[in-house]
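Please look over the sequence and the model below before reading the notes. They are grouped by topic.

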Amino acid sequence: MARLTAENPFFHPECEISDSTFGAFAEIGKGSRIAHSHFGDYSYCDRYADIANAQIGKFANIAAFSRIGATDHPLHTASLHHFLYRSDSYWDDVDPDTDFFAHRKSRIATIGHDTWIGAGAMVKPDVTIGHGAVVAAGAVVTKDVDPYTIVAGTPAKTLRLRQPREIADRLIALAWWDWSHDRLRAALEDFRTLKAEAFLGKYDDQAAP
């Protein structure tokens with residue numbers, strides 16, 4: 001029997017999940033922490049990923065020890081320490097700074113469909129990773145990444161295109177990530193064996209169900 005199902009996400013041991021939702025066939029690796037985020041259908045993260053305030057598209061591949069939506073400290077105040085906003089941890093007569101936490105939650109990191117976030121990579125708040133893009137292991141992404149582009153380094157810069165722009169545009173228009181589970185199964189052999197252009201030649205005139 002298949003390990004993943006449409007009904008319930010698969011959580012490995014020692015995960016910390018808060019205020020998050022998950023689509024069909026989602027999987028969360030051991031020890032990962034997911035907060036204030038949504039995982040689209042078929043998306044997964046490997047061990048010890050740390051993801052907050054993020055919208056993860058479908059079929060995202062998130063490697064071990066990656067961090068998405070890494071939270072910031074205030075830089076404009078006299079101190080940046082979290083006693084400013086987690087104040088109730090230090091004093092009984094003061095509340096946490098709810099405005100600060102609301103601001104943090106509003107800064108969404110967006111990960112597109114069919115993306116790959118490499119091991120130990122970091123994606124900062126308010127950054128969008130386009131559909132089909134790849135973030136190399138250890139990269140720190142501080143700016144938006146175009147669809148089907150591979151970025152690497154600290155800060156991350158374009159390494160090369162994953163697919164030529166014409167092919168990338170056709171893949172986005174095809175939107176195979178919206179296909180039904182049965183249709184994905186029917187096309188599995190073509191996904192496995194055909195290069196992108198040949199796959200498009202067979203399927204890009206077919207509307208999604």
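This briefing covers a predicted model and looks at a helix, a loop serine and a surface patch.

**Helix H5**
- Helix H5 spans residues 196–203, and its buried residues are Ala196, Phe199, Leu200 and Tyr203.
- These four residues lie on the same side of H5, because they cover an arc of only 100° around the axis.
- Helix H2 (165–174) and helix H4 (188–193) are included in what covers the buried residues of H5.
- Glu197 and Gly201 are exposed, and they sit on the face of H5 turned away from its buried side.

- Ser20 is found in the loop between strand E2 (16–18) and strand E3 (21–22).
- Ser20 counts as buried because its relative accessible area is 17%, and the cut-off for buried is under 20%.
- A polar atom of the Ser20 side chain lies 2.9 Å from the backbone oxygen of Ser18.
- The Ser20 side chain also reaches the backbone nitrogen of Ser37, at 3.2 Å.
- Leaving out residues up to four places away in sequence, Ser20 touches Ile34, Ala35, His36 and Ser37.

**A nonpolar surface patch**
- Phe83, Tyr90, Trp91 and Val94 form a nonpolar patch on the surface.
- Together, these four residues have about 360 Å² of accessible area.
- Val94, one of the patch residues, is placed in the loop between strand E11 (67–68) and helix H1 (98–106).
- Val94 has a relative accessible area of 31%, so Val94 is partly exposed.

Terms used. Residues numbered from 1 in each chain as written. Predicted model: local features only at pLDDT ≥ 70, side-chain atom pairs only at ≥ 80, totals over all residues. Heavy atoms only, no water. Patch = residues over 30% accessible without salt bridge, like charges linked within 9 Å, V, L, I, M, F, W, Y side chains within 5 Å. Areas by Shrake-Rupley, 256 points an atom, 1.4 Å probe, with all protein chains shown as cover. Salt bridge = Lys/Arg side-chain N within 4 Å of Asp/Glu carboxyl O. Helix = DSSP H or I, 4+ residues; strand = E, 2+ residues; numbered from the N terminus. Buried < 20%, exposed > 50% of the residue type's maximum accessible area, 1.4 Å probe, protein only. Arc of directions from axis to C-beta. Contact = heavy atoms within 4.5 Å. Polar contact = N/O pair within 3.5 Å; in protein donor to acceptor, adjacent residues only side chain to side chain.
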